[in-house]
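Let's take a look at a protein together. Have the sequence and the 3D view ready.

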Amino acid sequence: EKTRLGIPIIPFDETLHGLVRDGATAFPQAIALAATWDTALMHKVANAIADETKQRGIRQILSPVVNIVSDVRWGRTEETYGEDPFLSSAMGVAFVSAFEKKGIITTPKHFIANVGDGGRDSYPIHANERLLEEIYFPPFKACIEKGGSRSVMTAYNSLDGVASSSNHWLLTEKLKKQWGFDGFVISDANAVGGEVVLHNTAKDYAESGLHAISSGLDVIFQTEYKHHELFIRPFLDGSIDINRINDAVARVLKAKFELGLFENPYVSEEIKTNPSHKQIAKQAALESFVLLKNTRLPGQESNTLPFSKNIRSIAVIGTDATEARLGGYSGPGNNKVSILDGLKQRAGKNIKVLYAPGCGRSSEDYVI
């Protein structure tokens, strides 16, 4: 209401496996949802998340992560649907279609090849077009063409020496022209400035913004409003073609009109919980479990996994057991039960559960 032209914002948030908000339902992590191999269940989960999202007035989600991953050392592995392009495509479509049908813009990410080989994140990627077409593009293309995704988020990494957020071949030639994508492309948070601090392909933030918008990016995503001052110069001095600026603005305005934000920008502040969502989360968790079994050697009985019903004591080691962490991009959860407490409840009075914190996840032996 305080803007010059009265143009509403698109409120967005993260919904990787549940809305990242107080009171929202936490579902199994993305990699676990993929392990269900059940697209109908994934669609059911997504519908529940979408209902909780739209109720809060959020009309765009920065999800899902449809990057292909094959190295578990990468910290973002849990956010993905795994290493198979077919499965990732199917799960991605099941997820985004639920949101798009409810009038919430989905943003599959990170375009492209944010894969974490060697456990490294946001490093240079050198991939030929055939590899991209066969492995990395399919989930994104499926989300757009089959799922109806109206936005795409670029990756932090570079592709063949050019930052993904400033890659004309990737964003304009491939995505918009060849695929016919008519939605808008948004950068990852602070990614445009990566040309300055990560890739060394721009002398300052203004030049990185010039490169990005001119190459096909539509929205520069920053974490503070005042950051627009870093990028504004080429928008005002004619360095960026006005037709490109108009195209970027038109793509965002089109989305806002489609969402009905000009007519109905507000929602009620009352939040109503749906008890069935927790049951869906439980069903998804049960379907996601992968049971490990010991290989039975000739003449030997398998006596470790799964645990025998006659077991008398269990040792639980590690701080994860007590923290009830829900994974990356999670809200606070509701009435969480830790692994240790869950084991104790399951064990009852006849099985002794012993706990030790172990070495923990971090060390302060070396402090910089």
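Here is a short tour, from the whole chain to its core and then its surface.

## Before we start

This is a predicted model, where local features need pLDDT of at least 70, side-chain atom pairs count only at pLDDT 80 or more, and totals for chains, interfaces and linings use all residues. Residues are numbered from 1 along each chain as its sequence is written, and side-chain values use heavy atoms, leaving out hydrogens and water.

## The whole protein

You'll find 14 helices and 9 strands here (DSSP runs: H or I of at least four residues for helices, E of at least two for strands, numbered from the N terminus). The C-alpha trace spans about 75 × 45 × 45 Å along its principal axes.

Of the 368 residues, 46% are buried (buried is under 20% relative accessible area, exposed is over 50%, partly exposed is in between, using a 1.4 Å probe and protein chains only).

## Inside: the core

The largest nonpolar core has 56 residues. Such a core is a set of buried Ala, Val, Leu, Ile, Met, Phe, Trp, Tyr and Cys residues joined through side-chain atoms within 4.5 Å. Tyr81 and Phe95 are among those with the most contacts inside it. Helices that each supply at least two residues of this core include H2 (39–55) and H3 (85–101).

Leaving aside neighbours within four places in sequence, Tyr81 is in contact (heavy atoms within 4.5 Å) with residues including Ala30, Met42, Val65 and Phe95.

Ile7 sits in the segment before strand S1 (12–13). Ile7 is partly exposed, with a relative accessible area of 33%.
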